[in-house]
Amino acid sequence: QPLTGQTSCTDCAAGNFSSSTGSESCDVCAAGTYQDQVGQSSCTDCAPGEYQDEAGQTTCKDCAAGKYQPLTGQTSLSSCIDCPAGSISAAVKAPSCDACAVGEYQDEAGQAICKDCTAGKYQPLTGQTSCTECPAGSISAAVKATSCAACAAGEYQGQVGQTSCTD
């Protein structure tokens, strides 16, 4: 309450706080923090997956899909880091990245979706940046294959990366 002789105090506005009794003014929440309620005694750090580059705010800003941010109280957009190749973040506000599943890959950083291995290729491991062609004598007919199937007796396949065997 900045005026003398008053019978009540004034609540600090959202985005502001007062940490001590008898204050004559409110303090602005610093960058990296927010306060979405009135009359508060502190500000809250932005959560992982978020940042706030301005002071006095009532919300934090979200890191975009394809990026992650593992720490609290971050103050800049640059704190949102591209997910490395082989991983993704499908949603905004990601605190971490998810590895691409078996049968999938991602060869670029900063992506929100993994790519499927095409027929004739396979990937048995998670978090990979490419798929492997099926060796000669084997095939994969479906997308997202995790292994190749050997050609049956009486059939052959002399080339790599194929989807069918020949009689």
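Which backbone oxygen does the side chain of S87 reach? The side chain of S87 reaches the backbone oxygen of P84, at 2.8 Å. A polar contact is a pair of N or O atoms within 3.5 Å; within protein, one must be able to donate a hydrogen and the other to accept it, and residues adjacent in sequence count only if both atoms are side-chain atoms. The model is predicted, with local features needing pLDDT of at least 70 and side-chain atom pairs counting only at pLDDT 80 or more, while totals for chains, interfaces and linings use all residues. Residues are numbered from 1 along each chain as its sequence is written, and side-chain values use heavy atoms, with hydrogens and water left out.

S87 lies in strand β9; strands (E, at least two residues) and helices (H or I, at least four) are DSSP runs, numbered from the N terminus. With a relative accessible area of 10%, S87 is buried. Buried means under 20% relative accessible area, exposed over 50%, and partly exposed in between (1.4 Å probe, protein chains only). Leaving aside residues up to four places away in sequence, S87 touches C97, D98, A99, C100, Q106 and Q111, where contact means heavy atoms within 4.5 Å.

Disulfides, defined as pairs of cysteine sulfur atoms within 2.5 Å, number nine. One of them is formed by C12 and C26, whose sulfur atoms are 2.0 Å apart. C12 lies in the segment before β1 (16-17) and C26 in the loop between β1 and β2 (27-28), so this pair links distant parts of the chain, 14 residues apart. The torsion about the S-S bond of C12 and C26 is about -95 degrees, so the disulfide is left-handed. C12 is buried at 5% relative accessible area, whereas C26 is partly exposed at 33%.

A disulfide also joins C29 to C43, with an S to S distance of 1.9 Å. This link of C29 and C43 is left-handed, with -80 degrees about the S-S bond. Because C29 lies in the loop between β2 and β3 (33-34) and C43 in the loop between β3 and β4 (44-45), the pair ties together parts that are 14 residues apart in sequence. C29 is buried, with a relative accessible area of 0%.

In the disulfide of C46 and C60, the sulfur atoms are 2.0 Å apart, and the link is left-handed with -85 degrees about the S-S bond. C46 is in the loop between β4 and β5, and C60 in the loop between β5 and β6 (61-62), 14 residues away. C46 is buried at 0% relative accessible area, and C60 counts as buried at 14%. C9, by contrast, is in no disulfide; the nearest cysteine sulfur, that of C12, is 9.7 Å away. C9 is exposed, with a relative accessible area of 68%.

Seven salt bridges are found in the whole structure, a salt bridge being a side-chain nitrogen of Lys or Arg within 4 Å of a carboxyl oxygen of Asp or Glu. Among them is the pair of E50 and K93, with the closest N and O atoms 3.2 Å apart. E50 is in strand β5 (residues 50-51) and K93 in the loop between β9 (87-88) and β10 (98-99), 43 residues apart. E50 is buried at 11% relative accessible area, while K93 is partly exposed at 38%.
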